[in-house]
Amino acid sequence: MSTYRVEEVGDGFYVLRVNDRYTRFFEALWEIPEGITYNAYLLKTGEGDVLFDGWKKPFAGMLLDALEQVTSPDRLRYVVVNHMEPDHSGSLEEVVMWAPGVKVLGHPMAGRMMKAYPRAKERFKPVRDGEVLELGGERIRFIHTPWLHWPETMMSWIETKDILVTCDAFGGYGVFYGLFDDECTRWEDALRAMQKYVVTVIGHYKQWIGKNIAKLEKLGVKPKLIAPAHGLIWRRDPQRVIELYKELGEAQAKKGKVLVVYASMYGTVETMIRRITCELSRKGYKPVVYGYTDSTRPYIAEILTDAIDAEAVILAAPTYEADVFPLLRLAAEEICWKASDGKKAVIVSSYGWGSIAAKHLRKIMEGCNYSVVETIEYNAIGPLAITSEEARKIAEQVVAALEK
Ligand SMILES: Cc1cc2nc3c(=O)[nH]c(=O)nc-3n(C[C@H](O)[C@H](O)[C@H](O)COP(=O)(O)O)c2cc1C
Ligand SMILES: [Fe+2]
Ligand SMILES: [Fe+2]
């Protein structure tokens, strides 16, 4: 059951948050058993109220219920669309129908993307980068923050209250971790869910995290409260989430962390991987291992979460129909797309009659700025074809390549 919450989180500043427990695959891709929240915000002023963002379409009715608790159709003056992705804009038309006098504000590109919401489009007024809205004693500055997460994305800086409404930026997955950063419910899980959100949703544009944070700093934006559209609201230590995002944007590596992703139909590759991970641990590395086998199917979102801060990646796959085993090809391509940053990669592959997987995997990884330090191709059908001595040699070769 999905539930919602309306709560005053600052003086005259309210969160309207719905816990989405239905979506299992965010953007039809990312596995999220931890769920996701959509956080809209409402600011009360002396001359009416401003709503920032909204909820995904299936929750439009609930959003109107939530709005009734804090405002009314005649009090609501503006809806700010910080981002047009339908997890936030999906209920826009319903909100405009509920409050027909409302004005809709957003990036000029947002207006052009509003075809699905004709009434909202009619009420739309674009805002320039840095433009200020003064209303009932409050000053709201709109700051364009491209590619966090789309080109039309912006933040709303409530200068009079030191509150930054950030939409996707500084957000995270998860409905179980409380409302605020100081509630500390399952803190480590919350941080991991945030890391997973960053890499899956913003990972491809991660260089824009640093650029936009630098832009905010240059403008002197020092929020006392960071109000993102997903997950925790940061009030105890807003600087902390800024630093965390910066680190992830730079794909900073954790010392010794090695991501190992392999596929194995009949155990040949798995036999090599067992020896490799054993050797890695012996040498003080911290391998994180995901295997596609006849009994295990890891989540791609979790693999990516561990790719972003790994020092190196080991990809291992059998040759399959003259190509890379398909699930591993997908994993490699996504790691490339979302998490590459000049790091080391090792390719391990096995084949029965003609090695192709290794070459293809190498091409994928080199195509996105990984430096492939070793490629191993092993001819074998079934794990019994590899002697213990051979497996040991392969493992040593892999670890030696990482240490070069
Ligand atoms: C469905 C299937 C397709 C395969 N296709 C190829 C191929 O195109 N070329 C090749 O050299 N070997 C091919 N092989 C052989 C495997 O690549 C080889 O046996 C490998 O060592 C299997 O590793 P695994 O035991 O970890 O699954 C194929 C094997 C299977 C089961
Ligand atoms: Fe988004
Ligand atoms: Fe979003």
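In the predicted model, both E85 and H149 are buried, a term applied under 20% relative accessible area, with exposed meaning over 50% and partly exposed in between (1.4 Å probe, protein chains only). These two residues belong to the site of the iron ion (ligand 2), which is coordinated by H83 (NE2), E85 (OE), H149 (ND1) and D168 (OD) at 2.0 to 2.3 Å; donors are N, O and S atoms within 2.8 Å of the metal (3.2 Å for Na, K and Ca), and since water is not among the atoms, sites may look incomplete. The donor residues follow the spacing H-x1-E-x63-H-x18-D in sequence. Because E85 lies in the loop between strand 7 (76-81) and helix 2 (86-89), and H149 in the loop between strand 11 (138-144) and strand 12 (154-158), the pair ties together parts that are 64 residues apart in sequence. Helices (H or I, at least four residues) and strands (E, at least two) are DSSP runs, numbered from the N terminus.

A search of the whole structure finds 11 aromatic pairs, for which rings of Phe, Tyr and Trp (its six-membered ring) must have centres within 6.5 Å, with planes under 30 degrees apart counting as stacked, over 60 as edge-to-face and the rest as tilted. One of them is the tilted pair of Y4 and W55, at 5.9 Å centre to centre and 50° between the planes. Y4 lies in strand 1 (residues 4-10) and W55 in the loop between strand 6 (48-52) and helix 1 (60-70), so this pair ties together parts 51 residues apart in sequence. Y4 counts as partly exposed at 27% relative accessibility, whereas W55, at 0%, counts as buried.

Y38 and F59 form a tilted pair, at 6.0 Å and 45°; both residues are buried, and together with Y22 they form one aromatic cluster.

Residues are numbered from 1 along each chain as its sequence is written, while chains are lettered from A and ligands numbered from 1 in the order in which they are written. Local features need pLDDT of at least 70 and side-chain atom pairs count only at pLDDT 80 or more, whereas totals for chains, interfaces and linings use all residues, and side-chain values use heavy atoms, with hydrogens and water left out.
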